[in-house]
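Student: Please take a close look at a single part of this model and relate that part to the whole.

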Amino acid sequence: MYSLDEIKKDLKEKLSDYRYNHSLNVAEVSRELANIYGVNEEKAYLAGMVHDIAKEFSDEENKYYIKKYNLPDFGDEFRKIIHSYVGSVYLKEKYNIDDEICKAVRVHTTASTDMSKLDKIVFVADKIEPGKDYLGIEEERVVARKDLNKALLLCLENNYKKLISKGKTMYPSSLKVLKQLKKKHN
Ligand code: FE
Ligand code: FE
């Protein structure tokens, strides 16, 4: 088992100040959204706090977990995604964190077609936390407090636009989620 203090200490050691603060912000927003949408607030707080725990792992650390747990290869274009998968197995291995939280960590970068409320909360909180600023974020913040599914769709849409404007492509399974949500909401 784990204590919150122990995990916070681990996070502080592993992350830059910027990302540590981002993590605390995501934890706070996750708790707020959990309260609105009837999800366990402590669980949401913890999930938000640890979602980026592997974001600054070294290549060696990543390789170790990829090999040990046979994690997918995302190639160079989508290599950012790996921190979600590595974070998830790290949290399980080191702290035996419960599966719902590990899953929220695993899908926080890509989204997925079978997201729980907790998954959606962490995904959205990661985007709208107070330290962030980008085109469309104000609307995302408002919608996040009114309709979680719409907020998820909006975040994915804005992310898609941002990627396209930079000449990049969206990770195929994220695009699938976006299309599925669009169908539902239009
Ligand atoms: Fe992340
Ligand atoms: Fe994050």
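**Helix 1 in its setting**

Tutor: The accessible surface of the protein chain amounts to about 10,000 Å², and 49% of that area belongs to carbon and sulfur atoms. This is a predicted model. On the charged side chains, the protein chain carries 34 positive and 31 negative ones, with the centres of the two sets 5 Å apart.

The fold consists of ten helices and zero strands. The radius of gyration is 16 Å, close to the 16 Å that the globule rule gives for 186 residues, so the protein chain is as compact as a globular protein of that length. Along the principal axes, its C-alpha atoms fill a box of roughly 45 × 35 × 30 Å. Of the 186 residues, 47% count as buried. Among contacts between residues at least 6 apart in sequence, 61% join residues at least 24 apart.

Now to the part itself. Helix 1 spans residues 4-14, and within it Ile-7, Asp-10 and Leu-11 are buried, that is, under 20% relative accessible area. These three cover an arc of only 100° around the axis, which puts them on the same side of helix 1.

What do the buried residues of helix 1 pack against? Their partners are helix 2 (17-37), helix 3 (41-50) and helix 5 (82-95).

Notes: Residues are numbered from 1 along each chain as its sequence is written. Chains are lettered from A and ligands numbered from 1 in the order in which they are written. This is a predicted model: local features need pLDDT of at least 70, side-chain atom pairs count only at pLDDT 80 or more; totals for chains, interfaces and linings use all residues. Side-chain values use heavy atoms; hydrogens and water are left out. Helices (H or I, at least four residues) and strands (E, at least two) are DSSP runs, numbered from the N terminus. The radius of gyration is taken over C-alpha atoms; the globule rule is 2.2 Å times the number of residues to the power 0.38. Buried means under 20% relative accessible area, exposed over 50%, partly exposed in between (1.4 Å probe, protein chains only). Contact means heavy atoms within 4.5 Å. Accessible areas come from the Shrake-Rupley method with a 1.4 Å probe; for residues, only the protein chains shown count as cover. Lys and Arg count as positive and Asp and Glu as negative; His and the chain ends are not counted. The place of a charge is taken as NZ of Lys, CZ of Arg, CG of Asp or CD of Glu. The arc is that of the directions from the helix axis to the C-beta atoms.
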